[in-house]
Amino acid sequence: MGPRNDIYLSDGSISLYSFQSTPPWLHGKARGREGSHKMSSLTGSSHLQLASFVLGMIGWILCTISMGLVDWRVWHVDNTTIITSGIAWVGIWKVCFISYIRVSPGYEEQFCHKFSGYDSSIPGEIYAAQGLLVIAMVTGLLGLTATIYALRNVYMGISRKTPITRFFLVGGFFYIFAGLCVLIPVSHNFYSVTHNQSIAFPPSYLMPSSPVAQEAGAAIPIGIIAAILLLLSGSFSLSYRFPVTTNM
């Protein structure tokens, strides 16, 4: 039985009654159900943001791969005296071709020449592409970090709005900015390929100033996929809406 309370009535008599207080374990059970409901609301509202993290991770990896590849533009040349394979690869960091002129007959070797900031003949868009892809790699990594922190708060049941919503928004902006930084150099190089644009390389590069024909290398489609994934990831991250029922 619960605690006894005596109440004195107006005629002087005493009314005796007792009541049973709510057991502590019922309070704990109610709080448990409330916490479970909040947790399920948070996780249920962040499925797109989990997909955003996965897409952002894949896009960032593809961006890094694309940046490191040399075959952005594949040149076909008619003079095979030095470029014996008739094919040269033009990237954003260097140009490469295969030749056996400088080694023993019957053996081939790949020669590469890195772009130098002192080569005024190299178009400025090549150096711009280098900078944009480095920025994309850094901002993409920042977007992943912000998304990881927000998802960590969601799955740990932290129901405060600020550390979740704000970091999803920050991550989304970083993803979109990274996607645009990838899309610009990829689009420019694809345009250069389709219009067979030339580059006036210095004589030390042993490269012709223009190709007979050229085609897009593997780095361009990889970069396009990376840009699309990063932009999608940013859109998903920005679409997050904090559930009202868990707002505290």
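Analyst: Happy to. Buried means under 20% relative accessible area, exposed over 50%, and partly exposed in between, with a 1.4 Å probe and protein chains only. The model is predicted, so local features need pLDDT of at least 70 and side-chain atom pairs count only at pLDDT 80 or more, while totals for chains, interfaces and linings use all residues. Residues are numbered from 1 along each chain as its sequence is written, and side-chain values use heavy atoms, leaving out hydrogens and water.

First, the setting. The chain has five helices and seven strands, taken as DSSP runs numbered from the N terminus (helices H or I, at least four residues; strands E, at least two). Their order along the sequence is β-β-α-α-β-β-β-β-α-α-β-α. Of the 248 residues, 38% count as buried.

Setting aside neighbours within four places in sequence, V182 is in contact (heavy atoms within 4.5 Å) with C63, L133, A136, G223, A227 and L230.

Rings of Phe, Tyr and Trp (its six-membered ring) pair if their centres lie within 6.5 Å; planes under 30 degrees apart count as stacked, over 60 as edge-to-face and the rest as tilted. By this rule there are six aromatic pairs. W75 and F201 make an edge-to-face pair, because their ring centres are 5.6 Å apart and their planes stand at 65 degrees. This pair links distant parts of the chain, 126 residues apart: W75 sits in strand β3 (residues 73-76), and F201 in the loop between α4 (162-194) and β7 (213-216). Both W75 and F201 are buried. The rings of F97 and F111, with centres 6.1 Å apart and planes at 35 degrees, are therefore a tilted pair. F97 belongs to strand β5 (residues 94-99) and F111 to strand β6 (residues 109-114), so this pair ties together parts 14 residues apart in sequence. F97 counts as buried because its relative accessibility is 4%.
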